[in-house]
Amino acid sequence: MPPLATSLLALPLSSAVFAAGLIAVLERTLALLGMSLRLRLALLPLVALNPMIVFYSVNGMGEILSIFLLTAATYALLRWYLRPNVGAFVLMSMAFTLGVLSRYELGLWALLYGGAVVAVLIRRRASWSQIEASLLTYLVPIVYGFSLWIFFNWLIVGDPLYWLHSEVSLAFTAVRDARPAAGDTSIWAATTAATSLAWRIFPAAFPVTAALVVLAAARRDIVAGVLAAAIALNTVATIALVVGTQTTDVLQLRYNIRALPLVLLGVAWLWRSTPGNRRRAAVCATGAALMALSTVPMVHLMRTYPRQYQEQAFIRALASRHDQEGTYSIGSREPIQVGIGPERGAARWLLQHAGGRDSVLADDERAFGVMLLTGRPSLFLDRIDRGDTYWHALLDAPRGRVDYILVRRSESFPDLIQQRYPTILDGGLPWLRQVYSNVNWRIYRVASRNASGAPKRAPDVAGSASG
């Protein structure tokens, strides 16, 4: 439905659906652990109204999807542990199959939960054939999903392992650009930075994790140990990514919020494992208070933290109740312009001037917003159309093959076109003539043959165009 896509309603609606699914899964998990409806309704707002969860529930990004799938897998593990059945086991496997494809690092949680399954089966004195069958049931869907992803990488870009070393993902989530992000990426520095971020973004995670560790040690409680490890794994994964990718980009807030719903489940498990109604009430009240108080430093972090993705603008919009279109928010390497005005302007110009199929060469990893706003993906010859091999070959010799080239203006995050032609924004290519320019985008007319002299340039103002 083009109107739904070009109005950009589809993206926030999709993230809102998964956010609703997240809260539904949390409610079912709390019910599974024996909490009353009144208690569940009192605890759920601690996650549902958390400012980071609210932000990523309405901005159309994929973070809330991965959190939903991780929480669903946790629910399935608890359900299988308390009420053993094949359905819950398969649900956990399918949640991780989709989750790993949404964020590669969820594979670490998949390994953790797989180890927990083996530990539980051994404690229950299951036979080796039962353990083997359970592991096969758990792993086969995950392996199948990965196999399909590897096949599509081979089919589209000609390299089955492209996802491990591509420009858009390196060792799970990190974005590798022309220049690495500034910052110390040693093990000690990464550990200090990731631990400090975890403490500042959600302090409640630390006492809840410590209580779960004590419970696991005192009662040999496998679930308590797994929940503690699952909460801590977000920080461990961040440390590994910083060291492995040699970039500090993964210290963004959005990569470090997966533990939020797991902390609530940790509180619920502590409540369930505590004898006596008064003690249970004390555990629940303490955990709820810690989670509620954690929102205060989180809001401050969203306002001031240097590595973020428009969280500052979100808090500013809530406080002022004003549209933030055209304003700027703190970014990891450079300020981020809020809104879609530049993308809409470039899309409008292309709709008026570019008519033929595959007439605009674009790097869809950066230009997807412009492409979406046109409502006409056929206008663009992008990387997914015929694969990266064909697209890069065309990028090397575009004259006579495309009419226009769409380039993202960014020194810190250059697209592949700018990486291939570093002087393109300076007018260093005589076979290109700039016909449109705004603060984020430039559109160049491609000469059908070699041209002499410097290209003509449009005035460098937002929304300007020349034909």
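Tutor: We may begin with packing. The buried residues of α12 are in contact with α13 (222-245) and α14 (259-273), where contact means heavy atoms within 4.5 Å. Buried means under 20% relative accessible area, exposed over 50%, and partly exposed in between (1.4 Å probe, protein chains only). This is a predicted model: local features need pLDDT of at least 70, side-chain atom pairs count only at pLDDT 80 or more, and totals for chains, interfaces and linings use all residues. Residues are numbered from 1 along each chain as its sequence is written, and side-chain values use heavy atoms, with hydrogens and water left out.

Student: Which residues of α12 are buried?

Tutor: They are A205, V208, T209, L212, L215 and A216. Seen down the axis of α12, these buried residues fall within an arc of 120°, so they line one face of the helix; the arc is that of the directions from the helix axis to the C-beta atoms.

Student: Which exposed residues does the face turned away from the buried side of α12 carry?

Tutor: That face carries V214, A217 and A218.

Student: How many residues does α12 have, and how far does the helix reach?

Tutor: Helices are DSSP runs (H or I, at least four residues), numbered from the N terminus. The expected span is 1.5 Å times one less than the number of residues. Helix α12 (residues 205-219) has 15 residues and reaches 21 Å from its first C-alpha to its last, close to the expected 21 Å.

Methods: Helices (H or I, at least four residues) and strands (E, at least two) are DSSP runs, numbered from the N terminus.
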